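Please read this note with the structure open beside it.

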Amino acid sequence: MKNLFLLITLVSFSFASAQVFEGKGDKKLQIGANFQDEATGVNFTFDYGLGDNISVGVSTSYALGMDDILADAADFGDRFDLKARFNANLGSVLNIDDNFDFYPGISLSLKNFGGHLGARYFFSDGFGIYTEAAFPFAKYDDQVDLFYNQFTVNVGASFNL
């Protein structure tokens with residue numbers, strides 16, 4: 001029983017020291033799954049802190065599994081998206097938990113101009129989880145509603161670099 005109590009105490013202290021967004025110079029890498037209507041895929045995101053609550057970054061996604069009819073018509077350009085992003089990291093402003101970050105942002109991609117809402121929770125100094133919802137404000141081509149020109153959700157792991 002003493003060993004179990006000691007283990008829980010040590011783990012709790014290691015969780016308590018995690019910091020989600022540290023400000024200028026902070027680097028985050030996120031790897032996850034992308035979910036959207038008629039397709040699933042992978043998502044990679046890199047964010048770099050410019051100030052106490054501001055970060056910029058890039059995000060890329062690739063649609064892997066999709067409806068059979070769309071799979072035949074979709075080429076690499078339809079499946080791939082690349083975004084430049086700007087985030088307002090509000091975890092320290094909201095003061096919910098040192099391990100939690102909430103970040104609304106905007107992005108300019110190969111497909112559209114859009115926004116996103118995300119949240120990260122870090123279990124340790126180096127590892128956490130994230131979820132992010134992205135949505136287009138303006139599409140470059142209104143006739144194209146294929147991948148990434150719609151509401152998408154990303155879920156996965158987040159790493160401090």
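The points below cover salt bridges, then a cavity.

1. This is a predicted model: local features need pLDDT of at least 70, side-chain atom pairs count only at pLDDT 80 or more, and totals for chains, interfaces and linings use all residues. Residues are numbered from 1 along each chain as its sequence is written, and side-chain values use heavy atoms, with hydrogens and water left out.

2. There are five salt bridges (a side-chain nitrogen of Lys or Arg within 4 Å of a carboxyl oxygen of Asp or Glu). One of them joins Asp26 to Lys28, with 2.7 Å between the closest N and O atoms. Asp26 is buried at 6% relative accessibility (buried means under 20% relative accessible area, with a 1.4 Å probe and protein chains only). Lys28 is buried too, at 1%.

3. Arg85 forms a salt bridge with Asp47 (3.1 Å, N to O). Arg85 is in strand β4 and Asp47 in strand β2, 38 residues apart (strands are DSSP runs of E, at least two residues, numbered from the N terminus).

4. Arg85 also forms a salt bridge with Glu132, the closest N and O atoms being 2.9 Å apart. Glu132 lies in strand β7, so this pair ties together parts 47 residues apart in sequence. Shared partners join Asp47, Arg85, Asp101, Arg120 and Glu132 into one network.

5. How many cavities of 30 Å³ or more does a search of the whole structure find? The search finds one (a cavity is a set of points on a 1 Å grid over the protein atoms alone where a 1.4 Å probe fits but cannot get out; lining residues have an atom within 4 Å of a point). The largest cavity holds about 140 Å³ (the space filled by probe spheres set on the points, which are joined across faces, edges and corners). Its lining has 19 residues, and those closest to the centre are Lys83, Ser107, Ala134, Phe135 and Thr152.

How values were computed. 1 Å grid on protein atoms, 1.4 Å probe; cavity = no way out; pocket = protein on both sides within 12 Å on 5 of 7 lines; lining within 4 Å. Buried < 20%, exposed > 50% of the residue type's maximum accessible area, 1.4 Å probe, protein only. Helix = DSSP H or I, 4+ residues; strand = E, 2+ residues; numbered from the N terminus.
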